[in-house]
Amino acid sequence: MLLGVLDHLPLALARAVLAALRGRLSALCWGLTPLVLPLLSWRWRSGPDTPAAPRENKDETVPTPTSVNYHFTRQCNYKCGFCFHTAKTSFVLPLEEAKRGLAMLKEAGMEKINFSGGEPFLQDRGEFVGQLVQFCKEELKLPSVSIVSNGSLIRERWFKKYGEYLDILAISCDSFNEEVNVLIGRGQGRRNHVENLHKLRQWCRDYAVAFKINSVINRFNVEEDMNEQIKALNPVRWKVFQCLIIEGENSGEDALREADKFVISDEDFEQFLERHKDISCLVPESNQKMRDSYLILDEYMRFLNCRNGRKEPSKSILDVGVEAAVKFSGFDEKMFLKRGGKYVWSKADMILDW
């Protein structure tokens, strides 16, 4: 109808009418912008170019997220050659959004939260992870709050401020030979990784934090005898992992690491375990035990499914809720229990000589 009217108007007048209509339409679009932008911004939580979520297995019950590993950052100051959670993004959730997600996990049944990375103490010099630790213990009242760190950025002032809220501090140490640490990618230049480990052990004792050691057994340390050093440090747990390949992280064309030269056989791993069988706190984890027995939450709060040998993300719990997201996690709850995933993890229940 409008086009019919325009046909009978002089050309100049018709152009003026069209220009006015364009102006009104433009104003209307800009007026709707505040309504559109929140809808667009809501989608960022699922992460950039999120692939289709892994298919839900409807035959399985929805697992309870009893113990969750939250890798809130991928950034790290080390370059470990076998790392399977590499710096593919620099994204970190705003603190209040991270707290909201943690509260959702608590509501869904979470009892233990483990903060990891990347390197957790790299963000705001440890203040970010410190505030999350305090929130989880003081407000959510979680039975267990822990951190995995390479230890290089932790200072005593952090313990003074946040130590009371932390149950367990796990420090990554793959060798007690500094030359091997350099080969692996844990070299600190003039600083000695092993000397720093002993300093952190003392701070944990001083500030009543349970001390744990994580070691990745690989081609460069598989022949090492660590009995004497581990017994001297006396951690509550010594978690020993077999070097694991994850497509897209430390193997393949789109990976930031090439871990093939670090891989050891199952037989090599068993020999290392046999050499250290007298250490009572030893907790071994082969590739089979590791792959599906962890609930891993990435920097966007998406569960990562590793069943196909690579990390396939779910939707973010901030978008779809915990129950909807955890269905796609690939989590093997039976293997979690079989590998000793549930243990005395609150320092209030531990019998320790502080």
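**Helix α9.** I started with α9, residues 266–275, and looked up which of its residues are buried: D268, F269, F272 and L273 are. Why do they sit on the same side of α9? Around the axis they cover an arc of only 140°, which puts them together on that side. I then checked what these buried residues pack against, and found β5 (210–217), β6 (237–242) and β7 (282–285). I'm keeping in mind that this is a predicted model.

**Whole chain.** Next I stepped back for the overall numbers. I count 13 helices and 10 strands in the secondary structure. The protein has 354 residues, and 51% of them count as buried. For contacts between residues at least 6 apart in sequence, I noted that 75% join residues at least 24 apart. The exposed surface comes to about 17,800 Å², with 53% of it supplied by carbon and sulfur atoms.

**α3 against α4.** Two packed helices are described by the angle between their axes and the distance between the axes, so I looked up both. For α3 (residues 95–107) and α4 (residues 127–139), the angle is about 35° and the axes are 11 Å apart. The crossing of α3 past α4 is right-handed. I wrote down who meets whom: α3 brings L95, A98, K99 and L102, while α4 brings F128, Q131, L132, F135 and C136. Sorted by type, the residues of this contact come out as 7 nonpolar, 1 polar and 1 charged.

**F72.** I followed this one up from the α3 side. F72 is in the loop between β1 (67–71) and α3. Buried or exposed? F72 is buried, and its relative accessible area is 0%. Leaving out residues up to four places away in sequence, I listed what F72 touches: F91, V92, F115, S116, P120, Q123, F128, V129 and E299. One of these, F128, is also among the α4 residues in the contact with α3. I also checked F72 against A98: they are 26 residues apart in sequence, and C-alpha to C-alpha they are 8.4 Å apart in space.

**S172.** Last stop was strand β4 (residues 168–172), where S172 lies. How does S172 fall against the 20% cut-off for buried? Its relative accessible area is 11%, so S172 is buried, since buried means under 20%. Again not counting residues up to four places away in sequence, S172 touches V148, S149, N150, R186, H193 and N214. I noticed that N214 falls within β5 (210–217), one of the strands that the buried residues of α9 pack against.

Definitions and conventions. Residues numbered from 1 in each chain as written. Predicted model: local features only at pLDDT ≥ 70, side-chain atom pairs only at ≥ 80, totals over all residues. Heavy atoms only, no water. Helix = DSSP H or I, 4+ residues; strand = E, 2+ residues; numbered from the N terminus. Buried < 20%, exposed > 50% of the residue type's maximum accessible area, 1.4 Å probe, protein only. Contact = heavy atoms within 4.5 Å. Areas by Shrake-Rupley, 256 points an atom, 1.4 Å probe, with all protein chains shown as cover. Axes fitted to C-alpha atoms, helices over the stretch in contact; angles between N-to-C directions. Left-handed = near helix turned anticlockwise from the far one by under 90°. Nonpolar A, V, L, I, M, F, W, Y, C, P; charged D, E, K, R; others polar. Arc of directions from axis to C-beta.
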